[in-house]
Amino acid sequence: MAFKLEYLDNDNSNKNKAAKKRNKIFKTVKEIQLLYPDSEAVLEKIFTTRHLKTDNRCPGNRGRYCRKLVSEYKKMDNKLAYRCSCGLKVYPLKGTPFEHSRVPLKSIIDIMYLMFNSKHGLCATELQRISGCKYETAHKILCKISDLMGLCVLSVPFKSDSIIEVDEVYPKIHTGFGRGHKYKRGTGSERTQPVLVFKERGGITKGFVIDNVNRETLEPLFEKLVSKSNVIYTDQHKVYSFLKLLMYNHVSVNHEKREFVSKEDKNCHTNTVENFNRFIKTSTHRVHNGVTREYLQTYVNRMAFNNSFKDCDASEAISKLIDCLPPLFQNGLRRVKNNPYQAPEWQDAA
Ligand SMILES: [Zn+2]
């Protein structure tokens, strides 16, 4: 799947001031292509970012002692590999989501650009029409990049003194039960899937697909992500009442009493996260025409990444994605086969 993207330059004819500023610094396709002219340049970028995370010493070939510098490795002809003078071959894509992919690296960068560029989300049919590949290929590569985006967002922690808005959202999913199925109504319905969203004001957005909205599922997420010095704003949902017991700095606004901004504190509201949640609902329902439970997390990852780094330009966003790859000589991302719902995580080589 090799394709070439060519657009006209941005004309910046946007009335919104913030959007105008953003569009000005947002890189065009031409500028991205100057940064990454071909697949070899992308491979070199991946190799250097990954080897800079190691101690820059060759681990040696077949039990023999080597300790030469990794930066002196030579690129092998017609192979996605680098080679030490001791004979050790290193594949820079090993342990990344693109390990077994036959899509050229240059195209992957172009697809990353399209995904970050798109305001509503890039769907697989769209990519199929642009590139001329099969639908399955397009869907697979989009999922792989989404996994990477999810890891990139997770790798950035919240600031210790920031304000975090938390809310849950219930997007509709495809269930496969058919038209005659009698669904339960309300929040416990099989037709919807809860997603918990953490939105840091002026910072990172993180979304997690969860099975139940109860204390057992929420408590580990809060423990992992939020510190006690953060201020947490939520709505009046009674599941958040455990936050006060665990000594979190928690304030709630009562949406049921039509209080959307707190009367005591004008700064206390959950409108930023509600805006992102509206986006999850409309994007999965209208753009992607409904998604399944299995792939909902990948869609949430894409939107969270685009929302988190919306002030960055495209080249920054792409280098952020490459930066979160694991160090060289370490096996990384594996999708757990029996449990596709589980978000992928970096695993040590075993
Ligand atoms: Zn060596």
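1. Is Ala-138 buried or exposed? Ala-138 is buried, because 24 other C-beta atoms lie within 10 Å, and the cut-off for a buried residue is 20 or more. The residue belongs to helix H6. Apart from neighbours within four places in sequence, Ala-138 is in contact with Ala-124, Leu-127, Gln-128, Ser-131 and Cys-133. Its C-alpha lies 8.9 Å from that of Glu-126, a residue 12 places away in sequence.

2. The pLDDT of the protein averages 85, and 90% of the residues score at least 70. Residues 337–343 have a pLDDT below 50, and this stretch makes 7 contacts in the model beyond near neighbours in sequence. Residues 346–350 also have a pLDDT below 50, with 9 contacts in the model beyond near neighbours in sequence. Where pLDDT is low, predicted coordinates should not be read in detail.

3. The domain assignment divides part of the protein into domain 1, given as 34–96 + 325–344, and domain 2, given as 157–177 + 187–311. A distance of 36 Å separates the C-alpha centres of domain 1 and domain 2.

4. The largest nonpolar core has 55 residues, and those touching the most other members are Ile-109, Met-112, Ile-145, Val-195 and Val-300. Helix H6, residues 135–155, contributes the most to this core, with 10 residues. Met-112, when neighbours within four places in sequence are set aside, is in contact with Ile-145, Ile-318 and Leu-321. There is also a second, separate core of 6 residues, among them Cys-58, Val-70, Tyr-73 and Tyr-82.

5. Tyr-113 may be considered next. This residue is part of helix H4, residues 105–117. Tyr-113 counts as buried because it has 21 C-beta neighbours inside 10 Å, where 20 or more are required.

6. Which residues of H9 are buried? They are Val-273, Asn-277, Ile-280, Ser-283 and Thr-284. These residues lie on the same side of H9 because they cover an arc of only 130 degrees around the axis. In general, an α-helix has 3.6 residues a turn, so residues three or four places apart point the same way.

7. The two faces of H9 can then be described in turn. Its buried residues pack against strand S4 (163–169), strand S6 (195–200), strand S10 (291–292) and helix H10 (293–308). The face turned away from the buried side carries Asn-271, Asn-275, Arg-278 and Arg-286, which are exposed. After H9 comes Asn-289, with a positive phi near 55 degrees.

8. Other backbone angles also deserve attention. Most residues other than glycine have a negative phi. Arg-67, which is not a glycine, has a positive phi near 55 degrees. Arg-67 sits in the loop between helix H3 (39–51) and strand S1 (74–75), and is exposed, with 11 other C-beta atoms within 10 Å. Met-247 likewise is not a glycine and has a positive phi, of about 65 degrees. The loop holding Met-247 lies between helix H8 (242–245) and strand S9 (249–252). Why does Met-247 count as exposed? Met-247 does so because it has 8 C-beta neighbours inside 10 Å, and a residue is exposed at 12 or fewer.

9. The sequence separation of Arg-22 and Asp-313 is 291 residues, while their C-alpha atoms are 7.8 Å apart in space.

Notes:
Residues numbered from 1 in each chain as written. Predicted model: local features only at pLDDT ≥ 70, side-chain atom pairs only at ≥ 80, totals over all residues. Core = buried A, V, L, I, M, F, W, Y, C linked by C-beta atoms within 7 Å. Helix = DSSP H or I, 4+ residues; strand = E, 2+ residues; numbered from the N terminus. Arc of directions from axis to C-beta. Domains from an automatic or database assignment. pLDDT = per-residue confidence, 0-100.
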